[in-house]
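Subject: Structure for your review

Dear colleague,

Please find below the sequence and the structure that I am handing over to you. My notes on what was found follow directly after them.

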Amino acid sequence: MMKVKNGDLDKLGLLFERYNRPLFSFFYRMCKEPEVSEDLVQSVFERILKYRNTYTGSGNFSTWLFSIARNAHIDHYRKQKRNGIPIEIDEERLEVEEPESKGLINKREKKELLEMALDRLDEDKREIVILSRYEGLKYKEIAEILDTSEGAIKVKMFRAMKELKDLVITLSEECSYE
């Protein structure tokens, strides 16, 4: 990133190759819309170019990158809300498919249950879980991104994981009755 900051804009391609997928994954897990996720990834790289002079290099690059990503996500939904575009929830994604065989939950079904439960978490909790468990950021890095303390992140993560576990159990029971 320091080379990009110093004007070597060809290195931005390397950053794109390295961080394109983690950013898309972050946005997709937050909004479940592939087109919007791609647009937000592009927005992040436009912002990197625009704000490259503010990068100090003192912290972890991924922390700075996901701070930009988080702001891009917030700005996108604020803009939609301001323009009166309703945020739609795709009901089909929330529905549970018929299990292939009752009583036996395979790995794919567990993953689907987890994704459904994750979708039902509050956005703040979902964001922390995604940054920690899917993107592999440390609590300290998440605290920097969210401008809070590491202790607060640990507490929020504990509560989010407990709620996520309860949601998975509830969804699992709902699926077993169908």
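This is a predicted model: local features need pLDDT of at least 70, side-chain atom pairs count only at pLDDT 80 or more; totals for chains, interfaces and linings use all residues.

**Overall composition**

The secondary structure amounts to nine helices and zero strands. The chain has 178 residues, of which 36% count as buried. Among contacts with a separation of 6 or more, 64% are made by residues 24 or more positions apart.

In soluble globular proteins, nonpolar side chains tend to be buried together. In this model, the largest nonpolar core contains 46 residues, and L23, V44 and I48 are those with the most contacts inside it. Two or more residues are given to this core by each of helix 2, helix 3, helix 4 (61-82), helix 6 (107-120), helix 7 (123-134), helix 8 (139-146) and helix 9 (150-177).

Which residues does L23 touch, leaving out those up to four places away in sequence? They are V41, V44, F45, L65, F66 and A69.

**Helix 2 against helix 3**

Two packed helices are described by the angle between their axes and the distance between the axes. Helix 2 spans residues 11-31 and helix 3 spans residues 34-51; they pack at an angle of about 135°, and their axes lie 8 Å apart.

On the helix 2 side, the contact is formed by L12, L15, F16, Y19, N20, L23, F24, F27, Y28 and C31; on the helix 3 side, by P34, V36, S37, E38, L40, V41, V44, F45, I48 and L49. Sorted by class, this contact of helix 2 with helix 3 comprises 17 nonpolar, two polar and one charged residues.

**Helix 3 against helix 4**

Helix 3 also packs with helix 4, at an angle of about 120° and with the axes 9 Å apart. Helix 3 and helix 4 are therefore likewise oblique to each other, and helix 3 passes helix 4 in a right-handed crossing.

Helix 3 brings V36, L40, S43, V44, R47, I48 and Y51 to this contact, where they meet W64, L65, I68, A69, N71, A72, H73, D75, H76 and Y77 of helix 4. By class, the contact of helix 3 with helix 4 has 11 nonpolar, four polar and two charged residues.

S62 is found in helix 4. Is S62 buried or exposed? Its relative accessible area is 11%, under the 20% limit, so S62 is buried. Leaving out residues up to four places away in sequence, S62 touches Y19, L137 and E141.

In helix 8, the buried residues are E141, I142, A143, I145 and L146. I145 belongs to helix 8 and counts as buried because its relative accessibility is 8%. Apart from neighbours within four places in sequence, I145 is in contact with T63, F66, S67, R70 and L137. I145 and T63 are 82 residues apart along the chain, and their C-alpha atoms are separated by 6.2 Å.

Most residues other than glycine have a negative phi.

- K32 is not a glycine, yet its phi is positive, at about 60°. K32 is found in the loop between helix 2 and helix 3, and it counts as buried because its relative accessibility is 14%.
- D147, also a residue other than glycine, has a positive phi near 55°. D147 follows helix 8 and is placed in the loop between helix 8 and helix 9. At 72% relative accessibility, D147 counts as exposed.

With kind regards

Note on methods: Residues are numbered from 1 along each chain as its sequence is written. Side-chain values use heavy atoms; hydrogens and water are left out. Axes are lines fitted to C-alpha atoms, for helices over the stretch in contact, and angles run from 0 to 180 degrees between N-to-C directions. Helices (H or I, at least four residues) and strands (E, at least two) are DSSP runs, numbered from the N terminus. Contact means heavy atoms within 4.5 Å. Ala, Val, Leu, Ile, Met, Phe, Trp, Tyr, Cys and Pro count as nonpolar, Asp, Glu, Lys and Arg as charged, and the others, Gly among them, as polar. A nonpolar core is a set of buried Ala, Val, Leu, Ile, Met, Phe, Trp, Tyr and Cys residues joined through side-chain atoms within 4.5 Å. Buried means under 20% relative accessible area, exposed over 50%, partly exposed in between (1.4 Å probe, protein chains only). Angles under 35 degrees count as roughly parallel, over 145 as roughly antiparallel, 65 to 115 as roughly perpendicular and the rest as oblique. A crossing is left-handed if the near helix is turned anticlockwise from the far one by less than a right angle, and right-handed if clockwise.
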